[in-house]
Amino acid sequence: MDWRRFGFIFLIIVVLFGAVVMVGITKSSPILTITSMLATTIAVATPLTLGALSGVFCERAGVVNIGIEGMMLTAAFFGWLGAIYAYHAFGLEKWTSIFIGLFSAILAGTLMGLLHAVLSITYKVDQIIGGTVINILAVGLTGFLNRQLFFGKGSAFGGQIPNSPGNLLNLNLPIADFFSPLCAGGKNCLDILGAIESVIDQRPIAITAIVLVFVSHYVLFNTRWGLRTRAVGEYPKAADTVGINVIKMRYINVLIGGALAGLAGAYFTIESVPSFEPLLTNGRGFISLAAMIFGNWSPIGSWVASLLFGASQALNIKMQLFRDVIPAQWSFLQNSYAVGMIPYILTIIILTGIIGRTTPPAADGVPYEK
């Protein structure tokens with residue numbers, strides 16, 4: 001990611017944070033507002049980050065993946081379904097049921113990735129069409145099963161949606177307590193540690209997503225596996241001539257991408273809100289694609305771009321909290337629909353290439369013919 005994009009992201013985030021601080025200054029201190037915004041930004045950027053990582057693994061191996069939205073939606077539904085069945089039908093304990101739901105979500109995402117791999121790699125279906133099929137299939141499949149399992153006559157739960165066993169909780173990492181001896185009693189130092197702790201106090205999938213960003217970046221750009229993945233995405237024939245199994249590498253990377261999209265889907269129903277509704281993902285898979293492109297197909301660049309979208313969604317959330325103190329001249333910010341359009345407007349701006357051109361892998365979207 002070049003300096004123009006970093007500058008664009010930094011400028012937009014400063015503007016968004018500044019707007020929230022100015023609106024809520026009579027209700028909350030600037031420091032408290034900024035730390036709260038940072039924490040919310042990291043949290044809401046989690047599915048975007050994981051979705052973007054899913055795209056990076058697929059497209060670095062030469063397979064276009066616009067089916068991230070469908071993979072996320074399918075995983076969100078089956079994660080929620082797995083947790084409910086484990087809890088109510090099999091009588092398992094709360095946390096066992098939640099982790100079965102998490103595993104179900106990742107498995108569902110991986111299976112959707114397998115479908116995409118079979119269509120794109122084995123049968124050489126146009127990869128844009130293959131991804132579109134996955135998105136349409138996910139909407140139809142989850143909507144049909146949700147209706148038949150919970151609302152249809154003779155459904156397993158008698159027409160009533162059962163309570164979910166719950167969701168994953170904050171990790172409550174003791175950052176301030178661990179580092180407080182270094183402050184030697186300084187109040188400002190302790191305040192800073194407290195602010196850092198409030199920002200880092202996230203739930204497991206959010207922390208896992210950040211760790212995966214740096215692990216993925218290291219794997220893709222510093223290991224033999226990453227070199228081979230990039231080789232089959234740039235020059236598959238050259239990779240084949242030196243003994244790299246192009247088909248196998250593409251399959252494995254698309255399956256990894258499916259699993260990451262599955263973890264992103266688990267964020268919605270296992271970590272954020274323990275419930276499901278049709279079209280729950282609300283276009284975040286497509287925003288993930290924009291983040292991947294803006295991040296120039298790199299994990300860290302995609303994460304930074306995801307934070308930009310996360311900040312715009314955090315703005316929407318915070319504006320609803322400060323709704324009663326919004327000045328009359330900023331009354332348009334009271335309209336949640338108007339503020340909620342910001343991530344999608346940013347997506348359009350980024351995809352038009354105004355903020356610098358991006359370069360995809362040379363063989364991205366090109367089926368391999370041996």
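1. In this predicted model, helix H4 passes helix H6 in a left-handed crossing. The axes of H4, which spans residues 68–89, and of H6, which spans residues 127–150, come within 7 Å and cross at roughly 25°. Because angles under 35 degrees count as roughly parallel, that crossing makes H4 roughly parallel to H6.

2. The contact between these two helices involves, on the H4 side, residues including Ile 68, Leu 73, Phe 77, Phe 78, Trp 80, Leu 81 and Tyr 85, and on the H6 side, residues including Ile 134, Val 139, Leu 141, Leu 145, Leu 149 and Phe 150. By residue class, the contact of H4 with H6 divides into 15 nonpolar, five polar and one charged. Glu 69 of H4 is among the residues that meet H6, and Glu 69 is also in contact with Arg 284.

3. Arg 284 lies in helix H13, which covers residues 284–294. Leaving aside neighbours within four places in sequence, Arg 284 is in contact with Pro 47, Leu 48, Glu 69, Met 72, Phe 268 and Gln 313. Arg 284 and Leu 73 are 211 residues apart in sequence, yet their C-alpha atoms are 9.7 Å apart in space, and Leu 73 is itself one of the H4 residues that meet H6.

4. The largest pocket holds about 510 Å³ of space. Helices H12 (246–272), H14 (299–321), H15 (336–340) and H16 (342–351) each supply at least two residues of the lining, which divides into twelve nonpolar, seven polar and two charged residues.

5. The second largest pocket has a volume of about 190 Å³. Its lining is made up of Ala 39, Ala 43, Asn 170, Ser 198, Asp 201, Gln 202, Arg 203, Ala 206, Tyr 267, Glu 271 and Ser 272, and these residues divide into four nonpolar, four polar and three charged.

6. Which helix supplies the largest share of the lining of the second largest pocket? That share, three residues, comes from H12, while helix H2 (30–44) also supplies at least two residues of this lining. H12 likewise supplies at least two residues of the lining of the largest pocket, and a reader tracing H12 through the model will therefore meet both pockets, given that lining residues have an atom within 4 Å of a pocket point.

Key: Residues numbered from 1 in each chain as written. Predicted model: local features only at pLDDT ≥ 70, side-chain atom pairs only at ≥ 80, totals over all residues. Heavy atoms only, no water. 1 Å grid on protein atoms, 1.4 Å probe; cavity = no way out; pocket = protein on both sides within 12 Å on 5 of 7 lines; lining within 4 Å. Points joined across faces, edges and corners; volume = space filled by probe spheres on them. Nonpolar A, V, L, I, M, F, W, Y, C, P; charged D, E, K, R; others polar. Axes fitted to C-alpha atoms, helices over the stretch in contact; angles between N-to-C directions. Parallel < 35°, antiparallel > 145°, perpendicular 65-115°, else oblique. Left-handed = near helix turned anticlockwise from the far one by under 90°. Contact = heavy atoms within 4.5 Å.
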